[in-house]
Amino acid sequence: MWPVRVWLGLFLIFLGACGYRFRERPPGFSPDWRTVYVAIFRNRTSETRAGVWLAEALRRRLARSSFLRLVDSPEKADLVLSGEVKSIAIGGVAYNVYTETLERRVSIRVVARLRTRGGRLVWRNAHLSRYENYPVEGTTSGVLDPGREAALRKLAEDLADIIYHQITASF
């Protein structure tokens with residue numbers, strides 16, 4: 001009978017061979033980069049709060065990681081994550097009645113950049129396009145466009161995950 005340490009070691013080797021890693025700094029990430037500031041994304045659309053929601057979602061996602069610490073100003077940060085919401089299209093897909101939306105279709109185009117404090121571009125995605133249908137709670141409370149804000153917030157969370165994984169995979 002093998003001791004527990006041997007079984008544990010074999011299990012960890014198996015997980016490593018399958019590509020699993022402990023949550024750590026990406027391999028090509030400079031050790032000098034310890035802090036990040038997430039700027040509110042510029043927004044060229046009629047959805048005035050979309051840039052704010054995306055920045056908030058990115059801050060929450062980065063806060064869950066252990067290799068970068070969020071700071072409250074770009075002067076204190078080693079890296080600055082910024083971007084721009086290029087376009088948003090949102091519409092209803094399924095209705096219970098006309099004033100009660102059950103599902104929203106959202107399409108968005110976003111550009112994101114990661115720069116050092118000195119302004120050197122470290123990472124950029126050319127154009128991130130996302131198209132998704134989101135179930136939303138229907139309301140009949142007199143809201144002019146029910147479910148719109150809920151769908152945009154869910155989209156911001158999805159985009160934050162995608163941008164985070166693109167950044168960590170590129171190093």
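The model is predicted, so local features require pLDDT of at least 70 and side-chain atom pairs count only at pLDDT 80 or more, while totals for chains, interfaces and linings use all residues. Residues are numbered from 1 along each chain as its sequence is written, and side-chain values use heavy atoms, with hydrogens and water left out.

The chain contains 3 helices and 6 strands. Helices (H or I, at least four residues) and strands (E, at least two) are DSSP runs, numbered from the N terminus. Their order from the N terminus is α-β-β-α-β-β-β-β-α. The chain has 171 residues, and 38% of them count as buried. Buried means under 20% relative accessible area, exposed over 50%, and partly exposed in between (1.4 Å probe, protein chains only). Contact means heavy atoms within 4.5 Å. Of the contacts between residues at least 6 apart in sequence, 68% join residues at least 24 apart.

Helix H2 spans residues 50-64. Its 15 residues reach 22 Å from first C-alpha to last, close to the expected 21 Å. The expected span is 1.5 Å times one less than the number of residues. Buried positions in H2 include Trp-53, Leu-54, Ala-57, Leu-58, Arg-61 and Leu-62. An α-helix has 3.6 residues a turn, so residues three or four places apart point the same way.

Strand S5 covers residues 100-116 and holds Thr-116. Arg-113 also lies in S5. Arg-113 is buried, at 19% relative accessible area. Leaving aside neighbours within four places in sequence, the contacts of Arg-113 include Val-80, Leu-81, Glu-84, Leu-121 and Trp-123. Arg-113 and Leu-81 are 32 residues apart in sequence, yet their C-alpha atoms are 5.7 Å apart. Thr-116 is buried too, with a relative accessible area of 13%. Beyond neighbours within four places in sequence, Thr-116 contacts Trp-33, Asp-78, Leu-79 and Val-122.

Asn-125 belongs to strand S6 (residues 121-135). This residue counts as buried, at 7% relative accessibility. Residues up to four places away in sequence aside, Asn-125 touches Val-110, Val-111, Ala-112 and Gln-166. A polar atom of the Asn-125 side chain lies 2.7 Å from the backbone nitrogen of Ala-112.

Definitions and conventions. Polar contact = N/O pair within 3.5 Å; in protein donor to acceptor, adjacent residues only side chain to side chain.
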